[in-house]
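Q: I would like to learn how to read helix packing and a ligand shell from a model. Please take me through it feature by feature.

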Amino acid sequence: MKLQLALDLVNIPEGIAVVKEVEQFVDVVEIGTPVVINEGLRAVKEMKEAFPNLTVLADLKVMDAGGYEVMVASQAGAGIVTVLGATDDATIKGAVEEAKKHGSEILIDMINIKDLAKRAQEVDALGVDYICVHTGYDLQAAGETPFEQLKTIKSVVKNAKTAVAGGIKLETLPGVIEAQPDLVIVGGGITGADDKKAVAAEMQQLIQKATV
Ligand SMILES: O=C([C@H](O)CO)[C@H](O)[C@H](O)COP(=O)(O)O
């Protein structure tokens, strides 16, 4: 099980400063969608240059032109690129094919998918690397969580690794870990903490305990 730090509400220097604090406790650094909107793929490139040993995920939430968008993100240094599960299979297939050429991986974000079990099985058959349940900011604000959805995909996904995102905090992490996802994605639960290093360290420790 790996820990991904999601950077959403920062610029590039702020993001690099946060990662410097917690780098020994995280496996993947996500350049969040808002950062890509503000800074472009330069953010992916600069993060990878600053931390060559960390995997950088570009949260592009690709909806079309899968091959092209995965190509440019991979060239910028992304080891993982996100594609929306809500898009058509052709886009996902193009993304998977292009990622293979670059040695990068595709994470399918299942945000706002209504028939989660059915779509998870469909995208699992397309050779994607990760299937991720995700409660976005707007539904988090309405009190929703991704925890039940994680159990759903764990019961149907046979090939891909599973991931979970959406408002995970230190207090809720043990419950998430119980469901044994392959990747736990945490944004505000670390970036919003007064002592980011201590929280990331404790999260990594909980994950290590559950992984061994
Ligand atoms: O993907 C995300 C969101 O849609 C903004 O781009 C976040 O990175 C993801 O939700 C993790 O962040 P937290 O919910 O703050 O843990």
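**Helix packing and the ligand shell**

A: Helix H4 (residues 66–76) packs against helix H5 (residues 89–102) at an angle of about 30 degrees, and their axes are 7 Å apart. The model is predicted: local features need pLDDT of at least 70, side-chain atom pairs count only at pLDDT 80 or more, and totals for chains, interfaces and linings use all residues. Residues are numbered from 1 along each chain as its sequence is written.

Q: What describes two packed helices?

A: Two packed helices are described by the angle between their axes and the distance between the axes. Axes are lines fitted to C-alpha atoms, for helices over the stretch in contact, and angles run from 0 to 180 degrees between N-to-C directions. Helices (H or I, at least four residues) and strands (E, at least two) are DSSP runs, numbered from the N terminus.

Q: Is H4 roughly parallel or oblique to H5, and what is the handedness of the crossing?

A: Angles under 35 degrees count as roughly parallel, over 145 as roughly antiparallel, 65 to 115 as roughly perpendicular and the rest as oblique. The angle of about 30 degrees therefore makes H4 roughly parallel to H5.

Q: Which residues of H4 and H5 meet?

A: Contact requires C-beta atoms, placed from the backbone, within 7 Å. In H4, Gly66, Gly67, Val70, Met71 and Ser74 meet H5 residues including Thr91, Ile92, Ala95 and His102. By class, this contact of H4 with H5 has five nonpolar, six polar and two charged residues (Ala, Val, Leu, Ile, Met, Phe, Trp, Tyr, Cys and Pro count as nonpolar, Asp, Glu, Lys and Arg as charged, and the others, Gly among them, as polar).

Q: At what angle do H1 and H11 cross?

A: The axes of H1 (residues 12–22) and H11 (residues 196–211) cross at roughly 55 degrees and come within 8 Å. H1 and H11 are therefore oblique to each other, and their crossing is right-handed. Val18, Glu21 and Val22 in H1 meet Lys196, Lys197 and Ala200 in H11. By class, the contact of H1 with H11 has three nonpolar, no polar and three charged residues.

Q: Which residues come nearest to the ligand?

A: A residue is near a molecule if its C-beta atom, placed from the backbone, lies within 6 Å of it. Of the 18 residues around the ligand, the nearest are Ala6, Gly32, Thr33, Gly187 and Gly188. Helix H2 (33–39), strand E8 (183–186) and helix H10 (188–191) each give two or more residues to the shell. By class, the shell has seven nonpolar, eight polar and three charged residues.

Technical notes:
A crossing is left-handed if the near helix is turned anticlockwise from the far one by less than a right angle, and right-handed if clockwise. Two residues are in contact if their C-beta atoms, placed from the backbone, lie within 7 Å.
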